[in-house]
Amino acid sequence: MTFLALSCPTAAVCWVRPVVIESTARRFVLLAPGQQPAGCWTVPLVPVPAGQSYSRAVVQWLCRRTGLPDLRIAPVVGVLPADGARRRTQYVVLVRPVAAAWTDDVCARLEAGARWWTLDELHGKGVAVEPETLPLLLEGYWDGWLPDGEVSLE
């Protein structure tokens, strides 16, 4: 497992939003709208204790939730700063398998109704996503035009 030494501010709890990706197929997992805001497809929202690395928190959460131990955190991290609608900063972390592809159905392990998507499918079907800048983050990561490190998603 690869951990970045990036932590939440010491005075507050932040959130991390893991995006399970498969780079070779350029696909990613989204959770079904269910109780999500405005009927949007989304990614999990995981609390991170103050001072803890958000990458460590997300890997621990995914390992507990899915039982998949061999995870890698991509070097690009999206940041959604706290504002009126978001009371805490959220970090969007791209998570991929150490191997070229996931070995079994990650979707079923995450949540009932979760499924794989591609950017073409999202755009073609006009699907609403939360966070709404997620497709741009994925495109920039896969196409290589986003720098490594934290990138604002405002």
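The structure is a predicted model: local features need pLDDT of at least 70, side-chain atom pairs count only at pLDDT 80 or more, and totals for chains, interfaces and linings use all residues. Residues are numbered from 1 along each chain as its sequence is written, and side-chain values use heavy atoms, with hydrogens and water left out.

**Helix α1**

- Helix α1 covers residues 54-66. Helices (H or I, at least four residues) and strands (E, at least two) are DSSP runs, numbered from the N terminus.
- The 13 residues of α1 should span 18 Å at 1.5 Å a residue, and the end C-alpha atoms are 18 Å apart, which agrees. The expected span is 1.5 Å times one less than the number of residues.
- The buried residues of α1 are Y54, S55, A57, V58, V59, W61, L62 and T66. Buried means under 20% relative accessible area, exposed over 50%, and partly exposed in between (1.4 Å probe, protein chains only).
- The cover over these buried residues includes β1 (14-22), β5 (71-80) and α2 (106-110).
- Just after α1, G67 takes a positive phi of about 75 degrees.

- T66 is buried, with a relative accessible area of 5%.
- A polar atom of the T66 side chain lies 2.6 Å from the backbone oxygen of L62.
- An α-helix has 3.6 residues a turn, so residues three or four places apart point the same way.
- T66 touches R109 and L110, not counting residues up to four places away in sequence. Contact means heavy atoms within 4.5 Å.

**The nonpolar cores**

- A nonpolar core is a set of buried Ala, Val, Leu, Ile, Met, Phe, Trp, Tyr and Cys residues joined through side-chain atoms within 4.5 Å.
- The largest core has 27 residues, and V16, V20, L62, Y91, V93 and L110 touch the most other members.
- β1, β4, α1, β5, β6 and α2 each supply at least two residues of this core. α1 gives the most, with 6 residues.
- Apart from this core lies another, of 25 residues, among them A74, L119, L122 and L137.
- In soluble globular proteins, nonpolar side chains tend to be buried together.

**L138, in helix α4**

- L138 lies in helix α4 (residues 134-143).
- L138 is buried, with a relative accessible area of 0%.
- Leaving aside neighbours within four places in sequence, L138 is in contact with V19, I21, F28, L94 and L119.
- L138 and L94 are 44 residues apart along the chain, yet their C-alpha atoms are separated by 8.3 Å.

Notes
A polar contact is a pair of N or O atoms within 3.5 Å; within protein, one must be able to donate a hydrogen and the other to accept it, and residues adjacent in sequence count only if both atoms are side-chain atoms.
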